[in-house]
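Hi everyone, thanks for making time this morning. Let me put it up on the screen.

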Amino acid sequence: MSAIIAENLKKFYDKKGKKPALNGVSFETERGSVTALLGPNGSGKTTSIRIIMGLIFPNQGKVSILGDDPFSSKKVFREVGYVQELPNLPPFMSGREVLEMSCSLKGIDKGEVSKVLDIVGMKEFADRKIAKYSKGMTQRIAIAEALLGNPSLLVMDEPNIGTDPIINLKIREVIQDLKKGGTSVFMTSHQLDDVRKLADTVYLIYKGKIFFKGTVEDMVKKFLGIIVIVDTTTPEKLQEVIKSIDYVKVSEMRKRGEDYRFLLSLKEDRREELSQILISQGVKIKDFFINDELDEAYGRAMENASKTSN
């Protein structure tokens, strides 16, 4: 059973419905996986999350959360943790007090507070007032609050907003550990390196429409093409061999110390065959991997979406 199923969601904020925030959006999150919804500001990401969380009604379509309708069965949210884009925690309370209050509201043993503080690395600062926290510390308390009750599903809207690289790394580690423990995660993020390392499935949204679903590698191949990076100490031999392979061409070559790095463009995904040919023909390979420049692929994807939507 999927953790989230959204089908044909439509949402209008104007009375005539001429400017839909969502225009037939569908997506799914498998149990125990990480799903990322990517798109520019105003594309419909936060609206999608607010519908998932039962905070606003769609004008059309339906949603299932852990097998239940979030609009008719509020008890399902006992198993859901939620991190808002901009957490609004009481500034006059300490992080520990916020978490203890949440335990009382959710009917959870307050003994869990120490556990979640430890997970997000905030035990040392737990008794400091929220008003004295940095954005990253506030975000970690918000994540700790979402983890109370050991949720089966974690929904995160820009969990890294306003945080520094060290906090980003900690949040990434938390998500990786949750996934290993079987928790399903649905997230939006502008931190594409996190998406590359965490997401099992990526959806791309633009102006309220989903226009891509797949893995990170699928996304790179679709919008950048299949680019293989080869590091070698025998550049002349590699170039000689490549000339005889009709599905490969050299896109770029650059010297890197004593080695050479080649970017090879493939017409079709025949990486394993190519590596075997190069080795058998005497090319000395130090490294061989597919280009996974997600930032560039994302930029190309949004550029394409912009052109086709006009």
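Let's start on the outside of helix H10: its face turned away from the buried side carries Asp295 and Lys307, both exposed. Please keep in mind as we go that this is a predicted model.

Now, which residues of H10 are buried? They are Leu294, Ala297, Tyr298, Ala301, Met302 and Ala305. These residues lie on the same side of H10, because they cover an arc of only 130° around the axis. As for the helix itself, H10 runs from residue 294 to 309, which makes 16 residues. From first C-alpha to last it reaches 22 Å, close to the 22 Å expected at 1.5 Å a residue.

And what covers those buried residues of H10? The cover includes strand E3 (34–38), helices H6 (192–198) and H7 (216–224), and strands E8 (201–206) and E9 (209–214).

Let's stay with E8 and E9 for a moment. These two strands pair in the antiparallel sense, over five bridges.

Next, the open sheet. Four strands form it, in the order E11-E12-E10-E13, and the pairing is antiparallel. E11 (248–256) and E13 (285–290) are the edge strands, each pairing on one side only. Ignoring direction, neighbouring strands here are turned by 20° against each other on average. Helix H8, residues 235–242, packs on this sheet, where it touches E10, E11 and E12 (259–266). The direction of H8 makes about 15° with that of E12.

How many bridges join E10 to E13? Five, with E10 covering residues 226–232 and the two strands running antiparallel. One of the pairs to look for is Thr232 with its bridge partner Ile285 in E13.

You'll find Ser94 in the loop between strand E5 (80–83) and helix H2 (95–106). So is Ser94 buried or exposed? Its relative accessibility is 4%, so Ser94 counts as buried, the cut-off being under 20%. Leaving aside residues up to four places away in sequence, Ser94 touches Ala126, Asp127, Arg128, Lys129 and Ile130.

Technical notes: Residues numbered from 1 in each chain as written. Predicted model: local features only at pLDDT ≥ 70, side-chain atom pairs only at ≥ 80, totals over all residues. Heavy atoms only, no water. Expected span 1.5 Å × (residues − 1). Buried < 20%, exposed > 50% of the residue type's maximum accessible area, 1.4 Å probe, protein only. Arc of directions from axis to C-beta. Contact = heavy atoms within 4.5 Å. Pairing = 2+ DSSP bridges. Axes fitted to C-alpha atoms, helices over the stretch in contact; angles between N-to-C directions.
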